[in-house]
Each structure stands twice: as C-alpha cells, then as structure tokens.
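Here is a friendly walk through a two-chain model, taken one region at a time. Keep the structure open beside you as you read.

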Amino acid sequence: MNFLNLGLGELLGLVGAISAGVVALYLLDRSKRNQIVATLRFWTAADVRTELKHRRRIQQPWSLLLQLISLALLLTAIAGPQLGIFDATGSDHVIVLDTSAWMGSRSGQGILMDQAKTNARAYLRSIPRRDRVMLVRADALATPATAFESSRGVLDSAIQQSQAGASALNLSQALEFAERAQKLQSQRAGEIVFIGAGRVTEEEAALSALPANLRVISTNSTLENVGLRKIGLRRSPSAPDTWEVFVAVRNYGVRPQSVDLGLQFSKSPAGSRRLTLQPGAEEQATFSYVAKSGGFLEARLNVRDAFPQDDRAVVELPAEASSRVVVYSDEPQLLRPLFLANPQVDAVFESPAKFDPAVKADVVVLDHFAPPTAPRTATIYIQPPASGSPIPVRSTKTGVRLDTWHPETTLGAGLRTRDVTLESAEMFSPGAGDIVVAETTEGPVIVAHGSEPKQVLIGFHPGRGSMKYELATPLLIANILRWMVPGAFRRWEFQAGTVGTVNVPVEASSKPGDIKVLDEANRGLPFTVDDKDLRFFSGAPGTVRVQMGDREMVYSLTLPDVGEAVWRVPATVHKGVPRAVLGDAAPRDLWPWLALLGGLGLLADWLLYGRSRAFRLRAAGAIAPQWKRMTQWRKAS
Amino acid sequence: MPEPLLDNRILERLERLTIQWQNSLPGLVGGHNTSRFAGGGQEFLDHRQFHHGDDLRAVNWRAFLRLDRLFLKMFQLEPRIPVRILVDVSKSMETGASSKFDYARKLAAALCYVGLVRLDSICLQPFSGKLHDAFIASGGRHRFQPAMNFLGALQPSGQTNFLECSRQFCSKYPQRGLALVISDFLDDRDCEKPIQYLADFGHELILMQVWADEDREPPWEGELELEDAETGQKVELAFDRDARAQYTAAFDAHAAHIRNVAERNTGRYVGMPTSAPIEQAIFGPLVKSGAVA
C-alpha cells in the first residue's frame, strides 16, 4: 500500500478523523428541529409518535455503520493495496525501439514499425511483471519515451504511439544512451533490447563495441530499395533563365537495378533518364531546363520497392528576378554595351526629353542631364550639370589623371586602372557620409550617396575616351547595380536532400557573422562553421535557407534519410524474444473491488435511509415487512 | 414610510365590485340590496287593510273612491345593512413563511374599500381573545385612508377565543348585518358553537379561512420540537411522510367542518392559502362564492 507515504498509524488516524466527521454530520442531520406552529391540534390528531424525551441519539445505527464501512473501503481503495507477494528485486531493462525512416518501409500487409511494436510487446510479456522497462525511441537522436516503468499499460501506450521518423538510425548513440540510463537510474540492470531493422550508415554496419547485456530482436525486411538521395538546382552562369538540375540516385539493395528517373516542372515533363545502378552505387543525372517563371520541380523514380517515401521529391523554384534600368541619354549607343552585358538587367533607353520622375524602374541613369525633380529610385548621374548635381561640383577639368580607386568600398571592390587620363571630368565636393569611389589628382570623380534613394555620381563619361577600353568600366557599372539592387544579383541554389546533418561549403570570403540559417518560420537554426564547411542539423522534414552575402541556398529537406547498410549483428549477442517467465506471482490490484464495494455501500445507504422520495418509495416496498414491525413497535412504545 | 396594503391598480379593479348578501335584513333606507321587509322604498310590493295609525300618505285613494274601503299600499324596502369585518389578530396569524396576518389585513382592506365605494356602513373589528377597538365608517371612499391607517396599526397578540368574541359581538352590535370573519380558525377549542351563535343571532356569515402552506402541509421531516404560537405549549415528535398525509387530512377535515357550519346557516365559506396573490384570491374564490360581485 502506498497512500501518500503514510504509515499504518497515520492512515488509521486519518480514517478515524474522517469517521468522526461523518458521525458528527450524521448526528447533526438527525438532530431535532425547533418550529413554531399555529396550533398543535392537527399534530396530535395525526398519528405521529410524540413524547421523545427518552429517545436514542442514534436513530439509524445501521445507516451510520454502513456509511463508516463504505468510507473505510473507499479510503483503502485510494491507498491502492495489492494482493500477493511484493518482490522489489526486479530488473530494469531498456528497449531501444528503432524509429528511423526505414521502419516505415512496407513489409507484408503493414510496415516494419508494426512488426517492431509486436516484438516489443512480446518482449514485455516475456519478462516478469515486477521488472521495470524504459522505452527509448532511436533514430538520428535517442529519445526516451518513458522512465523505468513497471506499468505495462503505460509502456504499451508508449509503444503504440511510436512512429517511424524521417532520419537514419544512429545505433551507437542509442546504445550508449541506453547503457548510460541503466547505469544512472536502474537499481538492478537488466537487458538492453534493440528492436528494429538496424539500417545504419556504412560506418556503423560493423559496429562491434556493444554492451554485454544487449539483446537484438530483428525485424524481417527486404533489402532492395532504390531512392533519391539529393537534388541540386542552380541557375546556369551563362544563361540565367536556364536551370541546371543534378539528381543523385542510390541503389541500397544487393542486386543491380535499372530505374527510370523522370523530371517534371509545374506538372509538365522536363526530362527523363534511365539509370542502371550497381548494388550500393550512387549515380548522378544532370538536366537543363529553361524556365523564367517559378513553379514546382518534381523528381520521381518509376520503381516499385519497399520504401516509396524516397522515390519522389519536390522543390519549389522562384521566378527569375531581373532589375529594370531606364537610361536617359542622347548617346545611348555609348552606354548600351555597359548595361546590356548583364543578363539580369533589363535596360531601356530613352531621350532626356521623355524623363518621368515617377518612372517604374529599379535604377535610373541620367547622362549629362539633371532634372528639376529628382527620381524617386536609385539614380546614376553621369557628368551632371553643375547647377543640378545632387553633390556639389567643385570644378571641371580636362586631361586629368585618374590615379586612385578605393577597393575597400563595395563600389570600388576589385577595380583598378593604370595610366588613365580623362578627357573631361567633374570633381565633386562630397559631404559627410558620402562614399568616394575614385579620385583624380584634382579631386573625387566618382562619389556615392548611401541614404535612400541611393545615388552614384560619375564625373566622366565611362563610354568615352580611354575608359571605354578599360576592364574597370563594366565592373564599375556591375558594382554600382549590385550595390543599388542587391536582390537581383543574388545567386540562388536549391537542394532537396535528406533530413539530418547537412554540410554546406562556405566560400573563403564569407564571414561567419554574415551567415544566416533560417527555418520555414524564419527562425534561426543553430549551425557551426569550421574551416570550409557550414554544418546544421534538421531532425524533421522542412525547408532551411542558408544566406551568405549575395548567395542564398535553399534546402528542401523532405527526403527520408535511409542508412546505406544493414547492421551485422555479432554472433555473441542474444537474439530473439526470450521465453516467458513461468509462475510470475505479480501482486494484483485490489482497489477496483474496494472502490466498488464502498460505492455500493453508499448507494445502499442512500436508497434505504436517504431522503430521496422516489428511492424511498422503492425501498419501502423492499423492506415493507420490517417497516411494519417497526411502526408497530413505535405505536406500542 | 410603510408600504400601503393595496396598490392603486388593485383599488381600481375593486371599484367594480359590490358586497352581496342573501338574507333579508332590516335596516335604514338607502341600501342597494332589496329586502322582503316592506317599508319606505320605491318599488310597489302589495296592498293590505288600513289600520289606525298607518301613514295616510300610503292610502290608495283611487281604490277608496271605487270600493269605499281604505287600502294601504306597501313598498319594497332596500335597507342599508351594516357590514362588519372581523379580523383575527391572534398570535397564530403571524406563523408561516408568508404571514397570514398581513394577508388578512390586505383582505380586510379590500373588502372595506369595496363597501365604502358602495356607500355601505363598514365596521372593522379586530379580535383575538376578546374584541378590540373597532373602526367604523359609513360611505365614501375618502374614509378609506383612515381605515388603512387603522389596519396598518394592528399588531398580532393574544390567544384566539371565538366563543367569548361571539358573545361580545352580539352584545356590542344588536343590529343584524353582514359579518365577514377573516381568520385561520385555529382555535384549540371548537369554533362551531361560536359561529352557530352568530348565525342564530341573525347575522349573515361569510367565513374566510386563511392558511399558510406550512399550516396545511408541513415541509419538515424527522424529529421536531413544536411550539404552539399562542399557548407556548411544546411537543416533541417524529414526523414523516405518512404522518404528513394524516396531518393534511385532519386539516382538510377541519376546513370542511367550518364550511358545513357556514353553509348550514345560509352563509358562505372561502378558503385562501397565502401562497395565492391577494388579487387572485379576491377575483377568484371570493367572487365565485358570491360574497362580492
């Protein structure tokens, strides 16, 4: 019995206190009431028992006794007594239930997980009832589902609720966890029981450093499976409207397989390939697909195997983004090569007479022209008139030498020239906060204004003179456009892969502080960056975005992670469900019977002695003879 | 300021009613109920031989000229009958969850108003062990406010003694009239004899028995210590469902007995539980009994 850890004396005291309360309430309920009435003539006319001066205090002793016994039974039921010998020397076992992705593969009428659950229940039945069991669900992480528990109902419920996950089994970690749990929490260590298919990585296939008390109950699974491992997409560097698609397929089985790989973009066929895969081999197929619009790209393997979850993957692709540039110039032929060289720029050339301050464009270029109303978007001024220049023009010189670039700025990154003399150039007087990109001996000739809307002023014409032939000229324009419209020049990469640990190569120029790893809800995920790799872990299917400067990688981690190999269980390990222990004299719970008896006692008291009229009428019929005798006794007395 | 016994809405409804009696009673001219007694009325009733001392104004002179004999014309009397309302103010009237005493005062006020509106002579006579000071008013609704004040000042006291009160009533009011008795009729002595005494004296009786629900069907069960509100006598007893049925039967038998006494003497009986609203009691059982119409 375990009633709030009370001893027998304390329990009896509690029962006594409650009984005293019941007796007090009983006496209070049956105590006489004082009433003032208009007359006593009808009371005496009615045939009622009068003159109770010597009446007994307890009128219905059987009712009181019945109530006290019923309450004692209910209190004892709460204490949870058990019938039988309580043996506290049971063992503590740990069941490691494989909940990796492979456990969702088909097996007969159900899936492997159903087999594993059946085996787990069979193991529970085979061990003595006094033994305690901890259930641990194992996939990429080992998660305890229960503490060391003796209630078979709780364990059975936890087993029932276990489902196959999306990650691969990390067997060594799961066994290590079970060993540590037994060491720290168990009173007498029993067995560590691994139940599952044991599909692991190739490194763990020959795992031999095992606990001495390990038992393995394997589920029968077919070994043949072909699945998608990874899908990678990126825009072609040479043709921005073309997607380069890389699909990796693996044969997990032991026989060669030929499969058809199909690609669909927005439900339209985008390519297909027949792959022949050797056992354990991984093949990669490459596709190119031209698509400016966004949509869903689906890769599908036309194969019927035991594990269909990795035969299909879908990646959502964004539409191609380009920036619109409107150039107002009287000499568009000089500027056209500079802006049309970049395929992500959609340049339109207009004469200055058609200038519209509300023009819809990402960037506006004003060549020798400064309108009275400045554009509301980012603007590049080329040799603006001194009267309309947003940054004051200090002087205009001819034959000045361009001798200094500022590569430490974003706009001047990677730019340099040698012996360049400008035919005509305007020198500016930059204010505080303005960025000087290039200088001549006479003063700054390229200045940027960083606040919105962004402005860059070039004091010379980049399409004229010696600058026309310099490599720095198109790079300067590219730097300016990237600075003004960073989103249009972002490089996108998409990958569909398996859940678990993901490694991302990091460019040498990327700083860890500029890297962001975000989940679907835009919350940051923890990650590590070592020498050349960024590493993060995703335990559940979903989309993760990695941002590094102008590069963004989208990981659609929807493919289940399947171990490449099957664990080869050493011969020394115990296998299968042990034989059930006979004569398991587990104590039986008595509380349901005690509670039932207590409830019946209170119900009987209510029916026989309660004040409810309806029930009293029925009860009166049942005890009519006895009532008649009592009435006669009352009259006689 | 105490709450008035009757509100204006009830008073407006009461104006349509009239106190009715059945017997022919002598009285002063000016009432509204016809009498079998001949007298100075307006309606011709009969002829009789003229005797010395008769009023010569009532002689039928046309008959004398034709027959040469004196005949006297008799006219139907419409007497003014005194209406006396006896209100029980004994201690037993204040028992019960809803006070019978208040109920009786409201009932008396309503009947008083009906009578005053019809220009009847009204006498409010409280009683318990003896007759207390009475309030007498004749005709006119302007007399109602003093009547309300009188009723409002009454306090329950004393022990009921119907016999003594009957004797005092007959000696105090020798003129026969309508006697309306509002009481719970819970005198420990038998109240048949005093009621019969009043009827034999010539009063027309309207008995209005007022009871609280607890008086007829006590809600208590178990062991009770009961105290008589009037005598203070105590009794301890065990009370259950069967005893309650017997109690109610005894009460109903007592009420039936009072009804028999009233009806035997051409009177009327009305039973009124205090759980029924006063307006409903007046326009229901009281009108149905013919006491008012």
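## R105 in chain B

R105(B) lies in helix α3 of chain B, which covers residues 100-117. Helices here are DSSP runs of H or I with at least four residues, strands are runs of E with at least two, and both are numbered from the N terminus. This is a predicted model, in which local features need pLDDT of at least 70, side-chain atom pairs count only at pLDDT 80 or more, and totals for chains, interfaces and linings use all residues. Residues are numbered from 1 along each chain as its sequence is written, while chains are lettered from A and ligands numbered from 1 in the order in which they are written.

Is R105(B) buried or exposed? R105(B) is buried, because 25 other C-beta atoms lie within 10 Å. The cut-offs are 20 or more other C-beta atoms within 10 Å of its own for a buried residue, 12 or fewer for an exposed one, and anything in between for partly exposed, with C-beta atoms placed from the backbone. Leaving aside neighbours within four places in sequence, R105(B) is in contact with L5(B), V87(B), L151(B) and L154(B). Contact means that the C-beta atoms, placed from the backbone, lie within 7 Å. For L151(B), 46 residues away along the chain, the C-alpha separation from R105(B) is 6.3 Å.

## The rest of chain B

Chain B has 9 helices and 12 strands. Of its 293 residues, 39% are buried. Among contacts in chain B between residues at least 6 apart in sequence, 76% join residues at least 24 apart.

I258(B) sits in helix α8 of chain B, residues 241-264. I258(B) is partly exposed, because 19 other C-beta atoms lie within 10 Å. Beyond the neighbours within four places in sequence, I258(B) is in contact with F185(B), L207(B), Q209(B) and Y269(B). Between I258(B) and R268(B), 10 residues apart along the chain, the C-alpha atoms are separated by 9.9 Å.

## Two helix pairs

In chain B, helix α5 (residues 162-172) and helix α6 (residues 192-201) pack at an angle of about 15°, with their axes 8 Å apart. Axes are lines fitted to C-alpha atoms, for helices over the stretch in contact, and angles run from 0 to 180 degrees between N-to-C directions. α5(B) and α6(B) are therefore roughly parallel to each other. Angles under 35 degrees count as roughly parallel, over 145 as roughly antiparallel, 65 to 115 as roughly perpendicular and the rest as oblique. On the α5(B) side, the residues that meet α6(B) include F162(B), L163(B) and F169(B), and among those they meet are Y197(B), L198(B) and F201(B).

In chain A, helix α3 (residues 61-79) and helix α9 (residues 591-609) pack at about 155°, with axes 8 Å apart. α3(A) and α9(A) are therefore roughly antiparallel to each other. The residues of α3(A) at this meeting include L66(A), I69(A) and L73(A), and those of α9(A) include W591(A), L594(A) and Y609(A).

## Helices of chain A

Chain A comes to 11 helices and 37 strands, and buried residues make up 33% of its 637 residues. At 1.5 Å a residue, the 19 residues of α3(A) should span 27 Å, and its end C-alpha atoms are 27 Å apart, which agrees. The expected span is 1.5 Å times one less than the number of residues. The buried residues of α3(A) are Q67(A), S70(A), T76(A) and A77(A). G80(A), with a positive phi near 65°, follows α3(A).

Helix α4 of chain A (residues 112-126) has 15 residues that should span 21 Å, in agreement with end C-alpha atoms 21 Å apart. Among the buried residues of α4(A) are L112(A), M113(A), Y123(A) and L124(A).

## A sheet in chain A

An open sheet of 4 strands in chain A runs in the order β15-β14-β17-β18, with antiparallel pairing. Its edge strands are β15 and β18 (312-317), each pairing on one side only. Neighbouring strands of this sheet are turned by 15° against each other on average, direction ignored.

Strands β14 (residues 257-265) and β15 (residues 268-277) of chain A pair in the antiparallel sense over 9 bridges; two strands pair if DSSP finds at least two bridges between them. D260(A) stands opposite R274(A) in β15(A), and Q264(A) has P269(A) as its bridge partner in β15(A). The β14(A)–β15(A) hairpin has 2 residues between the strands, and S266(A) takes a positive phi near 50° there.

Key:
Contact = placed C-beta atoms within 7 Å.
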